[in-house]
Structures are given as structure tokens and as C-alpha cells.
Amino acid sequence: MQYLISVIFDENDGLATAEEAAAIDVFNDRLQADGQWVFAGGLASPDSATVIDNRAGAAMVTDGPFLESKEYLAGFWIIEAPDLDVALKLSSEGSKACNRKVEVRPFR
């Protein structure tokens, strides 16, 4: 089963340190070596976002984030895990590696 691990960034945390970046690389390498890696990526800050709403048949394009918040999605991993217990264990290790809160959710 695949799971999304979302990295939650708090603007009070500051950017990742060199040590955190190195720990993330080690975690990524282990996920790949163990066959649990599907995809991962970091995201630009919300001020670079563009929101598109085409529900009314004419696309409305708005610069900036959809929601103003101190916390936002800064990156993610998509992992392969046999069950939620393994996904939670890997999420805990990812949280430690990046020194951020994470949220884990299964794909349907």
C-alpha cells in the first residue's frame, strides 16, 4: 500500500540546516535501498503559489497561497509499506530526519 508523508513546516523553524539535509539524504537512501521509496520532493514556499479555480467554467487565477498560515506543506514522501504500522514507523523516522512534524495518510 502507498502512503503520503507530508512534511509540515512552521515558519518559526527556519530552513533546514546542513545536518538536517544530510539526515534526510540518509533517510531517502535507506527508503530506496529497502524498496519503500516511490517519490519525494520539497516544495517552494506558499508565497510562490498560484491558485486556479475553474469550477464556474472560466478559470480564475490568483497569485499567492490558498490559505494564510504559519504552518504549511514543505515537502513530502510517497512510500510503499505493507501496513499502517510500518508507515507510522517510517513517518517517525522521516520526522526525526527532517526535524519537522509530519502527517501520514494512505492513498485510496
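These questions and answers go through a predicted model.

Student: Which residues have the most contacts inside the largest nonpolar core?
Tutor: The largest nonpolar core has 14 residues. Strand 1 (2–10), helix 1, strand 5 (71–80) and helix 2 (84–98) each give two or more residues to this core. Inside the core, the residues with the most contacts are Leu31, Trp77 and Ile79.

Student: Which element gives the largest share of this core?
Tutor: Among the elements that give two or more residues to the core are helix 1 and helix 2. The largest share is four residues, and the element they come from is helix 2.

Student: Which residues is Leu31 in contact with, leaving aside its neighbours within four places in sequence?
Tutor: Contact here means heavy atoms within 4.5 Å. Leaving aside neighbours within four places in sequence, the contacts of Leu31 are Gln36, Trp37, Trp77, Ile79 and Leu90.

Student: In what sense do strand 1 and strand 5 pair, parallel or antiparallel?
Tutor: The two strands pair over nine bridges. Tyr3 stands opposite Ile79 in strand 5. The sense of the pairing between strand 1 and strand 5 is antiparallel.

Student: Over how many bridges do strand 2 and strand 5 pair?
Tutor: Strand 2 covers residues 37–42 and pairs with strand 5 in the antiparallel sense. Gly42 stands opposite Gly75 in strand 5. The number of bridges between strand 2 and strand 5 is five.

Student: What is the angle between the planes of Phe9 and Tyr72?
Tutor: The count of aromatic pairs comes to three. One of them is formed by Phe9 and Tyr72, with 5.0 Å centre to centre. This pair links Phe9 in strand 1 to Tyr72 in strand 5, 63 residues apart. The pair is tilted, and the angle between its planes is 45°.

Student: Is the pair of Phe27 and Trp77 stacked or edge-to-face?
Tutor: Phe27 in helix 1 and Trp77 in strand 5 are 50 residues apart. Their rings are 5.0 Å centre to centre. Planes over 60 degrees apart count as edge-to-face. The angle here is 85°, and the pair is edge-to-face.

Student: Why does Phe27 count as buried?
Tutor: Buried means under 20% relative accessible area. Trp77 is buried, with a value of 4%. Phe27 counts as buried because its relative accessibility is 5%.

Student: Is Asp29 buried, partly exposed or exposed?
Tutor: Asp29 is found in helix 1 (residues 18–33). Partly exposed is the range between buried, under 20%, and exposed, over 50%. The relative accessible area of Asp29 is 48%, so Asp29 is partly exposed.

Terms used
Residues are numbered from 1 along each chain as its sequence is written. This is a predicted model: local features need pLDDT of at least 70, side-chain atom pairs count only at pLDDT 80 or more; totals for chains, interfaces and linings use all residues. Side-chain values use heavy atoms; hydrogens and water are left out. Buried means under 20% relative accessible area, exposed over 50%, partly exposed in between (1.4 Å probe, protein chains only). A nonpolar core is a set of buried Ala, Val, Leu, Ile, Met, Phe, Trp, Tyr and Cys residues joined through side-chain atoms within 4.5 Å. Two strands pair if DSSP finds at least two bridges between them. Rings of Phe, Tyr and Trp (its six-membered ring) pair if their centres lie within 6.5 Å; planes under 30 degrees apart count as stacked, over 60 as edge-to-face and the rest as tilted.
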